[in-house]
Amino acid sequence: MTARDIVARMKKSGRLPHAFLFTDEKSESSMDAALYTAKLLLCENGAACGECRHCRRIEAAVHPDVMLPERTGKKRIYSKATIRSVCSDAFIRPNDCDSKVYIFSDCEHIEEAAQNLMLKLIEEPPDNVYFIFTASSKSVFLPTVLSRVAALSVNGGARDEVIDEELALSAKRITEGIIAGDEYRILTALAQIGESREKITEILILTNQIIRDACIVRLNSAGSADYHIGLIGCFGEGAQKLSKRLSFRKAVHINDAIHNALDYCRGNVNVTAAMSALAGQLCFE
């Protein structure tokens, strides 16, 4: 299933996330996916028809509610100044539509400081604002940013590359511990990862995607035949089970706990102590 297919199904289910990342080695392909998504969001016919007034203006790069923030300097980067401008502009009402879209293309050299400035806006954007990023790989983004976007490979759907089976298994074990409300089981799963900050970071991102998927399933009426629509994680079955027990309030709590743990992994914090603290925060029995 391609990225376009997934986004279209998300739109049909009424559960579109506010931030996307499209990855592909060819920048033209990821940009095509970004423009398709913008059309899907603003199309008068709701289907990226390519014929309506909004679709034609997006294609011609003249739509007033589809912004492509400026890249500056010799490296053509998105600077802190640019991000501050976007953060301010995002709260201004759209010009001609009910929604507005910001497309950040070719984010190969986006500054770390600029990414940090975007975090709060991406996590809690105005209801009518969407963000689309394109890059050759999701590796150019901070883990804290990746945990807040729906990362889709243009030709491979939800996976930017094949997910390491060992990492996916660890994320599944953590999720199973959350479902069981078993703190010891969660702690054991975290302890088995070891102290590699890189591995822990990837596993926490995978786990947070499953938590996000559980919320999507809950919104789509858990247990329905099409519960999988819009899911981006590696454990759809686990997300379905978790959706029956996880309140939105608890999901927010777990999301915050995982984000804090990701920050710890990037800092000079004892990993074992951080994971022990996280196990208690993930258990809600």
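This briefing walks through the fold of the chain, its sheet and one of its helices. The model is predicted, so to speak of local features a pLDDT of at least 70 is needed, side-chain atom pairs count only at pLDDT 80 or more, and totals for chains, interfaces and linings use all residues. Residues are numbered from 1 along each chain as its sequence is written, and side-chain values use heavy atoms, with hydrogens and water left out.

**Overall fold**

- The chain holds 12 helices and five strands (DSSP runs numbered from the N terminus: H or I of at least four residues for helices, E of at least two for strands).
- Its radius of gyration is 19 Å, close to the 19 Å that the globule rule gives for 285 residues, so the chain is as compact as a globular protein of that length (the radius is taken over C-alpha atoms, and the rule is 2.2 Å times the number of residues to the power 0.38).
- Along the principal axes, the C-alpha atoms fill a box of roughly 55 × 45 × 35 Å.
- Of the 285 residues, 52% are buried (under 20% relative accessible area, with exposed over 50% and partly exposed in between; 1.4 Å probe, protein chains only).
- Among contacts between residues at least 6 apart in sequence, 73% join residues at least 24 apart (contact means heavy atoms within 4.5 Å).

**The sheet**

- Five strands form an open sheet in the order β2-β3-β4-β1-β5, with parallel pairing (two strands pair if DSSP finds at least two bridges between them).
- β2 (66-67) and β5 are the edge strands, each with a single partner, so one side of each is left without a neighbour in the sheet.
- Strands β3 (residues 100-104) and β4 (residues 129-135) pair in the parallel sense over five bridges, and I103 has I132 as its bridge partner in β4.
- Four parallel bridges link β1 (residues 19-23) to β5, where S153 is the bridge partner of T23.
- In a regular strand the side chains alternate between the two faces of the sheet.
- Within β5 (residues 150-153), A150 and L152 point one way, A151 and S153 the other way, and all are buried.

**Helix α11**

- Helix α11 (residues 248-266) has 19 residues and reaches 27 Å from its first C-alpha to its last, close to the 27 Å expected at 1.5 Å a residue (the expected span is 1.5 Å times one less than the number of residues).
- Its buried residues include K250, N255 and H259, along with I254, I258 and L262.
- The buried residues of α11 pack against α5 (112-123), α6 (143-146), α7 (165-180), α9 (197-219) and α12 (271-282).
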